[in-house]
Structure formats: C-alpha cells, structure tokens
Amino acid sequence: MNNFEDLQNTWQNQSKISATEESFKSLLKSVKSIENKQRTGNAVLTITIITLFAFLLYVSGYKNATFLLGIALMIGSLMVRIGIELFSLRRLRSINFSADYNTFKQDLTTYYSFRRFTHFIITPLVIIIYTVGFIILLPLFKASLSPGFYVYILCSSIVFLTVFCVFIYRQVKNELNKLRQLQKAD
C-alpha cells in the first residue's frame with residue numbers, strides 16, 4: 001500500500017468509529033428518556049390507584065354495588081395501563097443494541113408498532129373506561145354531597161380530564177417522534 005491509501009483507510013475508519021459512538025450514545029440517551037417517562041407515568045398512575053383505593057375504604061364504598069362498579073372500572077383501567085407499560089418496558093429492554101443493524105432496526109420497528117398500538121388503541125380505551133367509571137359515581141356524589149361540592153367535583157374533573165389528555169397527547173407525540181427518529185437513524 002502507498003501512503004495515500006493508508007491515509008484514506010485511516011481517515012475512513014476514524015470517521016466511521018466516531019460517528020458510530022456518537023450515534024450509539026444518542027440512541028441510548030433517547031431510549032433512557034423513553035424509559036424514564038414510562039416509569040414516571042407508571043408512578044403517577046400507581047399513586048392515582050392508591051388514592052382511589054383509599055377513597056373507596058374511606059367512604060366505605062364497597063357496601064354499594066354501583067359505587068364499587070364505578071371505582072372498579074377506574075382502578076381496573078389504570079391497572080391495565082400500568083401492566084401494558086411494564087410489558088412495554090420489558091420489550092424495550094429486550095432489544096439488543098449490540099446486534100447487527102438489520103436485527104436492531106427490525107426490533108425497533110416492532111417496538112415502535114407496539115407503542116403506536118398502545119397509544120392509539122389502548123390509551124383511548126383506558127381513558128373512556130376510566131371516564132365511564134367516574135360517570136357511574138356522579139349520581140352517588142350528587143346524592144351524598146352538598147350541591148356546591150358536587151359542582152366543584154364536576155368542574156374539577158372536567159379540568160383534570162382535559163389537562164390529563166393534553167399531557168398524554170404531548171407525551172405520546174414526543175415518544176413517537178423519538179422512536180421515529182431512531183428508526184430513521186443510520
């Protein structure tokens with residue numbers, strides 16, 4: 001080999017190694033970000049379940065079948081969501097980042113499809129079931145609470161649901177953008 005070929009080989013190898021390391025660090029950073037957001041979401045949902053369960057015990061709601069149905073729908077929908085998120089985290093961790101490019105891309109595409117299914121099918125169903133459970137509780141609240149407090153619960157629940165939906169929409173949009181970028185990265 002002559003000097004030009006040596007220099008060319010050295011140059012090509014150096015740029016390849018640094019680009020790969022940088023891409024890999026960026027990839028791991030994006031994956032860690034997705035994991036952290038899923039963990040935070042699960043923590044919030046778990047706190048909500050604990051609060052609902054404490055409310056059930058506090059008002060002795062287990063004695064009334066209608067109340068029990070409403071609160072069970074709310075808690076059950078959140079538990080399903082947490083279960084799906086835990087399953088999703090496990091799938092994300094099972095992706096082999098040191099696999100060859102085609103295997104890695106296929107695993108990431110499969111994960112991306114699963115997350116899209118979760119966000120566009122499961123999440124709206126969970127929100128609908130949670131809302132139905134709350135609506136079942138409203139006549140009981142109206143019968144047992146003062147009119148002012150009932151209106152407060154009604155208004156605050158609408159505000160909470162709106163804020164919650166906007167929060168979920170932003171999280172979903174952010175996560176899907178990151179996954180889309182990871183798929184496009186070469």
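Trainee: How much of the protein chain counts as buried?

Mentor: Of its 186 residues, 31% count as buried, where buried means under 20% relative accessible area, exposed means over 50% and partly exposed lies in between, with a 1.4 Å probe and protein chains only. This is a predicted model, in which local features need pLDDT of at least 70 and side-chain atom pairs count only at pLDDT 80 or more, while totals for chains, interfaces and linings use all residues. Residues are numbered from 1 along each chain as its sequence is written, and side-chain values use heavy atoms, with hydrogens and water left out.

Trainee: Which elements does the protein chain have, from the N terminus on?

Mentor: The order is α-α-α-α, that is, 4 helices and 0 strands, taken as DSSP runs numbered from the N terminus (H or I and at least four residues for helices, E and at least two for strands).

Trainee: And what share of the contacts is between residues 24 or more positions apart?

Mentor: Such pairs account for 76% of the contacts in the protein chain with a separation of 6 or more, a contact being heavy atoms within 4.5 Å.

Trainee: Switching to R81, is that residue buried or exposed?

Mentor: R81, which is found in helix α2 (residues 65–94), counts as buried because its relative accessibility is 13%. Leaving aside neighbours within four places in sequence, R81 is in contact with L45, T118, H119, T123 and V126.

Trainee: How do the axes of α2 and α3 cross?

Mentor: The axes of α2 and helix α3 (residues 101–144) come within 7 Å and cross at roughly 165°, the axes being lines fitted to C-alpha atoms over the stretch in contact, with angles from 0 to 180 degrees between N-to-C directions. That makes α2 roughly antiparallel to α3, since angles over 145 degrees count as roughly antiparallel, under 35 as roughly parallel, 65 to 115 as roughly perpendicular and the rest as oblique.

Trainee: What residue classes make up that contact?

Mentor: The contact of α2 with α3 has 21 nonpolar, 9 polar and 4 charged residues; Ala, Val, Leu, Ile, Met, Phe, Trp, Tyr, Cys and Pro count as nonpolar, Asp, Glu, Lys and Arg as charged, and the others, Gly among them, as polar.
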